[in-house]
Amino acid sequence: MTMLLASAPENGITVIFNTFGVTLPYFVASCINFFVVIWVLKRFAFGPIQSMLEERRARIADGEAKLKQIEAQLAEPEANTAAAIAKAAADAQHMIDEAREGAAVLSEQKAQEAIAQAHQILAKAEVAAKADRERLTVELKREFGRLVAATTAQVSGKVLTTEDQSRINEETLTRVEA
Amino acid sequence: MRFLSSIILVWLYSLPAALASGAEHAEHALPLYPEPIWPGVPITNSMVVIWIAVAIITLFCRAATKKMAFVPGGLQNFAEWVVESLYNFLEGILGPYLVKKTFWFFASVFLLILVTNWLFLVPGMGTVGRIEDGRVVGFLRGGNADLNMTMAMSLTFAILWFYWALTENGIKDFLAHIFAPKGDFKGLMLAFMIPVFLVVGVLEVISIAIRPVALTFRLFGNIYGGEQTMENLMGLMPSKWLAFLPTLPFYFMELLVGFIQALVFMLLTAVFLRLICEHAGEEQH
């Protein structure tokens with residue numbers, strides 16, 4: 001056998017190599033075998049498998065990121081809906097308050113109008129009553145004067161003049177009113 | 001369980017007979033070196049086993065990665081589990097930066113050693129062969145029971161270790177890592193520590209030089225020792241048909257040894273690299 005250190009003097013290393021059968025061709029062949037294994041594993045095993053693992057890891061990370069994005073997107077409409085509901089509630093409250101205020105103002109206005117109308121009606125009624133009273137008073141006075149004059153004429157047998165009638169009427173009215 | 005207990009019982013019954021006949025079968029010894037599978041053919045029996053291991057690994061890888069699916073199943077699932085487990089394990093030792101650069105080497109070393117070691121346990125390994133000078137020369141011999149193979153792996157690692165150490169540290173930091181004082185020394189203390197650490201550096205250089213030798217002989221010794229034990233145990237039985245019995249319990253131990261030796265080789269090489277590239281990739285974080 002061609003020993004690895006055949007040309008070297010018979011030293012310890014040579015003895016060891018001779019004992020264990022270490023030879024240059026066999027050593028080179030072993031190195032080649034080892035490199036072939038490394039190449040095969042790197043080319044056909046570690047390369048594709050690590051790429052696949054990396055791709056899977058990336059896809060899982062991507063999926064998780066998307067999931068978070070979807071959760072955020074789902075949470076966003078919920079927040080929007082809640083905000084819209086809150087806004088609608090605030091608007092509705094505002095409208096109710098406004099309506100209440102409007103209703104109160106209108107009610108007050110209508111009440112004032114009604115009061116004013118009532119006052120007007122009362123005033124009109126008072127005026128009408130006063131006019132009626134005055135008219136009736138005038139009529140009463142006239143009728144009373146006529147009756148007094150007629151009675152006086154019948155009692156006294158005297159034909160009363162216009163001045164007499166007026167004087168008797170005034171005296172009688174003054175006494176009645178007193 | 002019943003099967004196991006029956007095996008143990010048969011094994012215990014056969015033990016005295018085996019021990020009694022041990023002396024006359026003492027010639028069962030595995031040579032320390034690989035032998036040509038046929039006289040004049042420059043192919044050794046350990047080389048054949050390595051080729052078979054390479055073929056098995058290649059075929060497995062091709063089958064596992066031929067139709068890569070995003071949802072793995074069968075062989076792809078198993079291959080991914082192996083690769084991912086190894087990667088995570090090595091990442092714990094080397095760190096995320098170094099493992100990206102060096103995973104291919106450490107994982108290859110582990111798988112080749114493991115497959116080769118376990119291949120030796122397949123029945124027929126070491127027992128099928130030709131008769132030469134009254135003894136059986138096996139056509140197949142444990143791949144790592146050949147110093148050529150273990151040395152090829154160790155020296156390859158030693159070269160790569162230098163390459164990675166120099167590229168990651170630079171020559172100045174590489175030498176400083178070995179010879180410079182470690183610690184915050186100043187003034188007189190620093191002057192005292194410089195020669196101390198120079199001597200420590202020389203010891204470190206010797207240690208670095210011994211590492212491939214230690215790796216080579218540790219793996220070879222353990223695997224050869226296992227094979228030798230099995231060989232001797234098989235020779236203890238009076239009948240060839242019962243030769244398997246004494247070795248049976250050791251098969252389980254050899255399964256464990258095969259795995260542990262692959263792990264030890266990978267672990268030690270990874271730790272050696274980590275020690276010299278302690279700060280590699282730190283600037284990236």
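Leaving aside its neighbours within four places in sequence, B:Ile57 is in contact with A:Val37, A:Val40, A:Leu41, B:Leu111 and B:Val115 in the predicted model, two residues being in contact if their C-beta atoms, placed from the backbone, lie within 7 Å. B:Ile57 is placed in helix H2 of chain B; helices (H or I, at least four residues) and strands (E, at least two) are DSSP runs, numbered from the N terminus. Because B:Ile57 has 22 C-beta neighbours inside 10 Å, this residue counts as buried. The criterion for burial is 20 or more other C-beta atoms within 10 Å of a residue's own, with 12 or fewer for exposed and partly exposed in between, C-beta atoms being placed from the backbone. B:Thr116 lies 59 residues from B:Ile57 in sequence, with a C-alpha to C-alpha separation of 10.0 Å.

Since the model is predicted, local features need pLDDT of at least 70 and side-chain atom pairs count only at pLDDT 80 or more, whereas totals for chains, interfaces and linings use all residues. Residues are numbered from 1 along each chain as its sequence is written, while chains are lettered from A and ligands numbered from 1 in the order in which they are written.

The helix that holds B:Ile57 also contributes other buried residues, including B:Val49, B:Ile50, B:Ala53, B:Val54, B:Phe60 and B:Cys61. The buried residues of H2(B) pack against helix H2 (24–156) of chain A, as well as against H3, S2 and H4 of chain B. At 1.5 Å a residue, the 21 residues of H2(B) should span 30 Å, which agrees with the 30 Å between its end C-alpha atoms; the expected span is 1.5 Å times one less than the number of residues.

B:Ile57 also belongs to the largest nonpolar core, which has 66 residues, and is among those that touch the most other members, together with A:Leu41, B:Phe106, B:Val109 and B:Phe110. Such a core is a set of buried Ala, Val, Leu, Ile, Met, Phe, Trp, Tyr and Cys residues joined through C-beta atoms within 7 Å. At least two residues of this core come from each of helix H1 (12–20) and H2 of chain A, and from each of H2, H3, H4, helix H5 (187–236) and helix H6 (244–276) of chain B. The largest share, 17 residues, is supplied by H3(B). Another core, of six residues, lies apart from it and includes B:Leu233, B:Leu236, B:Met237 and B:Leu245.

At the interface, 34 residues of chain B are in contact with 27 residues of chain A. Helix H2 (45–65), helix H3 (74–119) and helix H4 (147–179) of chain B each supply at least two residues of the side of chain B that touches chain A. H3(B) gives the most to this side, with 11 residues.

Chain B contains six helices and two strands, in the order α-α-α-β-β-α-α-α along the sequence. Of its 285 residues, 33% count as buried. Among contacts in chain B between residues at least 6 apart in sequence, 69% join residues at least 24 apart. Strand S1 (residues 129–132) and strand S2 (residues 135–138) of chain B run antiparallel and are joined by four bridges; strands pair if DSSP finds at least two bridges between them. B:Glu132 stands opposite B:Arg135 in S2(B). The two strands form a hairpin with two residues between them, and B:Asp133 in the turn has a positive phi of about 55 degrees.

Chain A has three helices and zero strands. Buried residues make up 10% of its 178 residues. For contacts in chain A between residues at least 6 apart in sequence, 16% join residues at least 24 apart.

The mean pLDDT (the predictor's confidence in each residue, from 0 to 100) is 84 for chain A and 83 for chain B. In chain B, confidence is lowest in helix H1 (residues 2–20), at a mean of 48, and highest in H4(B), at 92. Where pLDDT is low, the predicted coordinates should not be read in detail. The predictor gives the complex an ipTM of 0.79 and a pTM of 0.69.
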